[in-house]
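Look at the sequence and the structure below.

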Amino acid sequence: MNREIQIGTRLVGDGHPTYIIAEIGINHNGRVEIARELIKAAVDAGVDAVKFQKRTPAVSVPDHQKDQMRDTPWGYITYLDYRYKVEFGRDEFDEIDAYCKSLGIDWLASSWDLESLAFIDAYNPPAHKIPSALLTDHELLRAVKETGKPAILSTGMSTMEEIQAAVDVLGLDKLLICHTTSSYPCPPDELNLRMIQTLQETFDCPIGYSGHEVGLVTSAIAVGLGACLVERHVTLDRAMWGTDQAASVEPQGMRTLVKYIRVTEKALGDGVKHVYDSEQSILKKLRKYST
């Protein structure tokens with residue numbers, strides 16, 4: 001069974017190099033100059049794409065949270081006002097689009113509502129990301145499918161029944177499912193990386209991993225378990241203000257992660273037993289045959 005989809009110019013799935021996404025999300029804190037620095041850091045690390053988030057705050061923020069007060073760099077303001085402060089509009093995404101093209105890197109986004117999906121789709125991204133929180137929003141899922149672009153579905157906070165229902169809406173032809181746990185940062189005992197294999201056994205489509213843990217090794221292990229896509233949040237400094245910063249990877253760490261993943265790919269091999277040329281001298285020196 002050869003499970004693969006095409007994201008931009010890349011085939012992603014069984015037998016192909018891991019597709020690595022640096023999730024910028026809202027770690028730019030509403031400043032396009034920080035977004036540019038993060039894009040450049042991702043390019044320097046050797047990732048395949050960067051990802052943002054797009055919301056229409058008045059629609060996507062639940063009513064019971066809109067008036068909750070929050071300490072922010074912009075003062076003590078409502079959660080709704082905060083969401084507007086970190087939201088990029090047309091001018092910022094035009095600049096992001098042009099900058100990514102100049103550096104030769106793909107970009108995409110998680111869209112949190114129908115208006116945001118239409119906004120992002122106008123940039124012709126190579127795929128659409130469906131965040132875990134929206135896995136049960138079948139109206140949004142149907143709209144993603146109607147774009148005709150590949151869908152990357154995150155599965156945090158979801159039961160297998162909810163995942164199956166989402167797959168029934170999206171179909172399998174252009175779908176990649178990401179195992180994830182929606183804790184920021186996620187403790188190791190809740191990563192449950194064997195779910196990658198469970199999803200592989202359950203769904204006939206490529207399976208990836210979206211990690212929110214501290215550290216890098218577990219994301220490389222996810223590749224060893226079969227993840228064909230890895231997504232990790234990137235930040236300039238984990239001590240920066242913001243809800244996702246502590247679960248993010250700094251630029252040097254992102255470079256190291258890419259190296260770990262590429263070494264893991266090489267180390268996995270083909271599953272066929274070989275006697276390598278490098279073993280021949282040791283074989284001749286130490287092998288004993290019975291008579």
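An unreviewed UniProt entry lists residues 38-273 as "domain: PseI/NeuA/B-like". The model shown here is predicted.

Next, consider two strands. Strand β5 covers residues 69-72 and strand β6 covers residues 75-78. They pair in the antiparallel sense, over four bridges. In one of these pairings, Asp71 has Tyr76 in β6 as its bridge partner. Two residues lie between β5 and β6, and the two strands form a hairpin.

Now turn to two helices, α6 (residues 114-121) and α7 (residues 138-147). How far apart are the axes of α6 and α7 where the helices pack? The axes are 10 Å apart, and the angle between the helices is about 15°. Angles under 35 degrees count as roughly parallel, and α6 and α7 are therefore roughly parallel to each other. The crossing of α6 past α7 is right-handed.

Which residues of α6 and α7 meet? On the α6 side they are Leu114, Leu117 and Asp121. On the α7 side they are Glu139, Leu140, Ala143, Val144 and Thr147. Sorted by kind, the residues of this contact between α6 and α7 are five nonpolar, one polar and two charged.

Terms used: Residues numbered from 1 in each chain as written. Predicted model: local features only at pLDDT ≥ 70, side-chain atom pairs only at ≥ 80, totals over all residues. Heavy atoms only, no water. Axes fitted to C-alpha atoms, helices over the stretch in contact; angles between N-to-C directions. Parallel < 35°, antiparallel > 145°, perpendicular 65-115°, else oblique. Left-handed = near helix turned anticlockwise from the far one by under 90°. Contact = heavy atoms within 4.5 Å. Nonpolar A, V, L, I, M, F, W, Y, C, P; charged D, E, K, R; others polar. UniProt positions renumbered as here; feature names shortened; annotations may be inferred. Pairing = 2+ DSSP bridges.
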